[in-house]
Amino acid sequence: MATKVVLRTEVPVEDTWDLTTIFTSDESWESEFKAVQQLTDEAVRFKGTLAESADQLLSALQFSDELVVRLSKVYVYASMKHDQDTGNTVYQALNSRAESLASKASAALSFMEPELLAVADETIATYVYESAQLRVYAHELEKITNKRAHTLSDKEEALLAKAGEVLNASQNTFGILNNADLRFPSIEDENGETVEITHGLYGPLLESKDRRVRRDAFQNVYQTYKALLNTFASTLTGQIKEDNFRAEVKQFTDAREAAVFSNNIPQTVHQTLLETVGNNVDLLHRYVRLRKQVLAVDELHVYDLYTPLVADVDELSFTYEEAKAVTIAALAPLGEEYVSILKEGFDKRWVDVVENKGKRSGAYSGGSYGTNPFILLNWHDTLDNLYTLVHEFGHSVHSYLTRNNQPAVYGDYTIFLAEIASTTNENLLTDYLLKTYEDEKIQAYIINHFLDGFKGTVFRQTQFAEFEHEIHLADQAGKALTAEFLTELYYGINKKYYGDTLVHDEEIGYEWARIPHFYYNYYVYQYATGFSAASALAQHILTEGEPAVARYLTFLKAGNSDYPIDVLKAAGVDMTTAKPIEDALKVFETRLSEFEEIMAKK
Ligand SMILES: [Zn+2]
């Protein structure tokens, strides 16, 4: 269905975000740009003075905050103007100037951390004691000085920094090979037309209702990887060796300890996730059995795991106006304060709604400290888009509350926490929709949406996390990460997760070769912990009401004022224990039972 894509100038004002709340005009952006440029040049006057006195240290930290806040506004204005129409050359220019100013500012402030690391803890403690204003920075200063045990001499650090580009070579080679040089064969699509498989097309082809299409896509993609398997083993080896090398020279026990250290996440969080999900793979096996039954196939193959189990339902279509009303109704359990922020967002034009020519694809929540938490959408009247809207508003309200309740230094939140607020909202929407639509066809559709999300986030990302951890340990133990070793290990873990009902096609053993996240150094586990925490929080909010809502709002207001694990603990979720993950798995089990029941009636 081809709908005409309008030009940016044709989009009604009420469907656009109001960026004049950041700068009233490009001219005022221009003058602030110059002011920030000057401010950047002033950073040097603090160099070598941080240890002089409490006042001097405070001035430097306040200066840095001011520079970062003002720079961020300059930056987000230019980048959002650019995103709304990437073909607009005026904003292409503003955006690239903002980018280079950002890297200039970051270089200008880079002396601060090493200089602070050289100041004795006692001196910092005395200064913090002397100055009430400096006390605000106590947690931030602690985060920096904690790094001392894993910081090398200036000379060694400089050498490491210089070697960065060389150490990144494997990751770069993987990126270029996978994205630019790799070509997949062409296959016939559902209509008998020849299409060339691409990364973007692979997902939709794998979801095809025509089994021949998804099988051809699957087999052809993995035959392509198989032909280059030794090369991919080599790029992955390079990455794992980099992680292990950095961990070793920085005096960590292993790469995992090094990776979780920066956010003060205990290693047990990662370990507990692997163990708890690993002990409950029978739930995924049950899901696989149901899938085989619903698809009514003699053998369920890996390429049958993504095709939808439930046909689309026409009732689940929402105009943007309808979606706004559903969002407010579904998130009502979060209380009046929360809902009033949502309304403010809709009324004050935080959201850039419709698609236009040249607009950046997808969706995000952005802005910076001191601006509204804007949302970019490319609206279509689907259930997926409704989920996207509540998801992005989860980020935006989180940002709004953090920025309005924390000083600039703590006015952001880490990746470990980032997806929790958004996913909590998704859980509340699922609950609302299931209570609102009694028709079983619709119920089945919504539950299926939830189950597939859970499968892809909790089970699949934990499966990735397990593989990633195993190969780091294997390399550390001196084992060669050959294509054969990686394939056998990956195949075995896949078998453990999906169980005996699935026919484990040979090709799935090569999947490790195409996953970019294995180059992200212990990143993926956070998807699974975030989803689990969100699931627990939504349960608390729905069953406990007011006290749970109060704890949740405290969490949203905390930003970076404490370590992420402690911020979550205060909200009633202790990720150092198995409980939140077990609770999330229970929700999955309940929904799975509901789904089995509906399917049994068919
Ligand atoms: Zn998100």
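In helix 10, which spans residues 199–206, the buried residues are Tyr202, Leu205 and Leu206, where buried means under 20% relative accessible area, exposed means over 50% and partly exposed lies in between, with a 1.4 Å probe and protein chains only. Seen down the axis of helix 10, these buried residues fall within an arc of 90 degrees, so they line one face of the helix; the arc is that of the directions from the helix axis to the C-beta atoms. This is a predicted model, in which local features need pLDDT of at least 70 and side-chain atom pairs count only at pLDDT 80 or more, while totals for chains, interfaces and linings use all residues. Residues are numbered from 1 along each chain as its sequence is written, and side-chain values use heavy atoms, with hydrogens and water left out.

**Helix faces**

- The buried residues of helix 10 pack against strand 1 (186–188) and helix 11 (211–227), with contact meaning heavy atoms within 4.5 Å; helices (H or I, at least four residues) and strands (E, at least two) are DSSP runs, numbered from the N terminus.
- An α-helix has 3.6 residues a turn, so residues three or four places apart point the same way.
- In helix 5 (residues 121–130), Ile124, Tyr127 and Val128 are the buried residues, and they cover an arc of only 100 degrees around the axis, which puts them on the same side of helix 5.
- The buried residues of helix 5 are covered by elements including helix 2, helix 4 (112–117), helix 6 (132–135) and helix 7 (138–145), whereas Glu122, Tyr129 and Glu130 are exposed on the other side of helix 5.

- Histidine 391 lies in helix 18 (residues 383–405) and glutamate 419 in helix 19 (residues 415–436), so the pair ties together parts that are 28 residues apart in sequence.
- Histidine 391 counts as buried at 15% relative accessibility, while glutamate 419 is partly exposed, with a relative accessible area of 31%.

**Helix 20 and helix 21**

- The axes of helix 20 (residues 440–476) and helix 21 (residues 483–498) come within 10 Å and cross at roughly 145 degrees, where axes are lines fitted to C-alpha atoms, for helices over the stretch in contact, and angles run from 0 to 180 degrees between N-to-C directions.
- The crossing of helix 20 and helix 21 is right-handed, and among the residues that make the contact are Phe459, Phe464 and Phe467 of helix 20 and Phe485, Leu489 and Tyr497 of helix 21.
- Glutamine 443 also lies in helix 20 and counts as buried at 17% relative accessibility; not counting residues up to four places away in sequence, glutamine 443 touches Leu434, Tyr437, Glu438 and Ile598.

**Loop residues**

- Threonine 414 lies in the loop between helix 18 and helix 19 and is buried, with a relative accessible area of 14%.
- Residues up to four places away in sequence aside, threonine 414 touches Asn263, Asn560 and Pro564.
- Most residues other than glycine have a negative phi.
- Asparagine 264, in the loop between helix 13 (255–261) and helix 14 (267–278), has a positive phi of about 60 degrees although it is not a glycine, and counts as partly exposed at 35% relative accessibility.
- Tyrosine 522, in the loop between strand 7 (502–503) and helix 22 (525–544), has a positive phi of about 55 degrees although it is not a glycine, and is buried, with a relative accessible area of 4%.

Notes. Left-handed = near helix turned anticlockwise from the far one by under 90°.
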